[in-house]
Amino acid sequence: MNKKLNLRSMAAQAVELVVEQGQSLSNVLPPLQQKILDKDKALLQELCFGVLRTLPQLDWLINKLMSRPMTGKQRTVHYLIMVGFYQLLHTRIPAHAALAETVEGAVAIKRPQLKGLINGVLRQFQRQQETLLAEFAASEARFLHPAWLLKRLQKAYPTRWESIAEANNQRPPMWLRVNRTHHTRDGWLALLEEAGMKGFVHPDYPDAVRLESPAPVHTLPGFDKGWVTVQDASAQGCIAFLQPKNGEQIVDLCAAPGGKTTHILEAAPEAALLAVDIDEQRLSRVHDNLKRLGMQATVKQGDGRYPTQWCGEQQFDRILMDAPCSATGVIRRHPDIKWLRRDRDIAELARLQAEILDAIWPRLKPGGTLVYATCSVLPEENAQQIKAFLQRTANAELSETGTPEQPGLQKLPGAEEGDGFFYAKLIKK
């Protein structure tokens, strides 16, 4: 662990890996955080998430203040300047400290000859800040989203797209799920208040608690004993529609990292649950979650399109299909999604979702329930997907969630509410 590592240069390199090489911040950030002191981990995370959240604004400013962009081996400096802008605009870090640490970042990335350039651009921004921000507020870039995604939001939600974009640009609230096998939600809330923290309940989801302020998990009463789990409120809605029962055969498809797997077992501890995911590495998270909560499930690596490979001819009472999707409903939690996704991905994802639906439906027992869920806000992956499925599947019937003409229930991201999420409950006739 190195006390002298420069956090600004580390943030710049992380953002560069996301934007230039298409790597997920979830993969890039943890190895970097292992190199630094615990007290610095939150700041590194804030710088990375913040720069990716506000990337179009920071890029716009660089284009205004520099005659030509940094390219090639100097490209990391481009992102280092962004880190500097972000601190000056969006954090409480004193300007002198933000400037000094950012300029020093040039040494850490072996570009000491560019310290003067970085210092000059940041100071020029300070002098022109008011004028520049007024001009930016009138620009197309002010929504902080790629053009293709804004276009899709405008088409799908002609009167609400701006509020969706605005919600995507906020820091997310911290939602928890109280483990009903240990405490009632109100009982755990009382323990939270005894610990000096405050929480708020959700009107629709009986296990959900929103913290007044995000907190480290180790400070939450009984976290290490499995009393509570970090999970967004909207994700908890899946179990309200699945309604698992003890003794049933249930499959959680696309299960990693296991939040919904463990929620099923909290609702039905004696269900025979099979958790399946295509990504073997991510399945380790399912095992970790089961272990922390002291639960048992069968966990298998497998592709939802080929169920014979992982369950033979077995049939299930209930299937939760948390479909692979664009994740456009959870951008506030994962701002890198805006820069990792491409317009062409949506049609490819919709095809994959349809293939999995068609493959898994025959494994549902007559009278059984399948809940199709995504953390997307795009109709192609949601209402349109389910409408097409109902039209081609004679023994599928929509239940509780919308109408055959407009199937499913679409949640949009809100300031203090859950993430963007879609559910459709289907019964096999």
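Is Cys 238 buried or exposed? Cys 238 is buried, with a relative accessible area of 0% (buried means under 20%, exposed over 50%, and partly exposed in between, using a 1.4 Å probe and protein chains only). Keep in mind that this is a predicted model, where local features need pLDDT of at least 70, side-chain atom pairs count only at pLDDT 80 or more, and totals for chains, interfaces and linings use all residues. Residues are numbered from 1 along each chain as its sequence is written, and side-chain values use heavy atoms, with hydrogens and water left out.

**View 1. Cysteines without partners.** A disulfide is a covalent bond between the sulfur atoms of two cysteines. Here the cut-off is a pair of cysteine sulfur atoms within 2.5 Å, and a search of the whole structure turns up zero of them. For Cys 238, the closest cysteine sulfur belongs to Cys 375 and sits 9.6 Å away, which is too far for a bond. Cys 254 is in no disulfide either, as its nearest cysteine sulfur, in Cys 325, is 9.7 Å away.

View 2. An unreviewed UniProt entry gives Cys 375 as "active site" (positions follow the numbering used here, feature names are shortened, and annotations may be inferred rather than shown by experiment). Look for Cys 375 in the loop between β9 (364-374) and α17; helices (H or I, at least four residues) and strands (E, at least two) are DSSP runs, numbered from the N terminus. Cys 375 is buried, with a relative accessible area of 18%. Setting aside residues up to four places away in sequence, Cys 375 touches a group that includes Cys 325, Thr 328 and Phe 421, where contact means heavy atoms within 4.5 Å.

**View 3. The loop between β5 and α12.** Most residues other than glycine have a negative phi, and most peptide bonds are trans. Cys 254 lies in this loop and has a positive phi, near 60°. Pro 257 is partly exposed at 26% relative accessible area. Apart from neighbours within four places in sequence, its contacts are Arg 282, Arg 285, Val 286 and Asn 289.

View 4. Lys 260 belongs to helix α12 and is buried, with a relative accessible area of 13%. Leaving out residues up to four places away in sequence, Lys 260 touches residues including Cys 238, Asp 252, Asp 322 and Phe 421.

**View 5. Pro 404 on show.** Pro 404 sits in the loop between β10 (396-398) and β11 (409-411). Pro 404 is exposed, with a relative accessible area of 51%. Beyond its neighbours within four places in sequence, Pro 404 is in contact with Lys 387 and Leu 398.

**View 6. Leu 144, another positive phi.** Leu 144 isn't a glycine, yet its phi is positive, at about 60°. You'll find Leu 144 in the loop between α7 (115-137) and α8 (147-156), where Leu 144 is buried at 11% relative accessible area.
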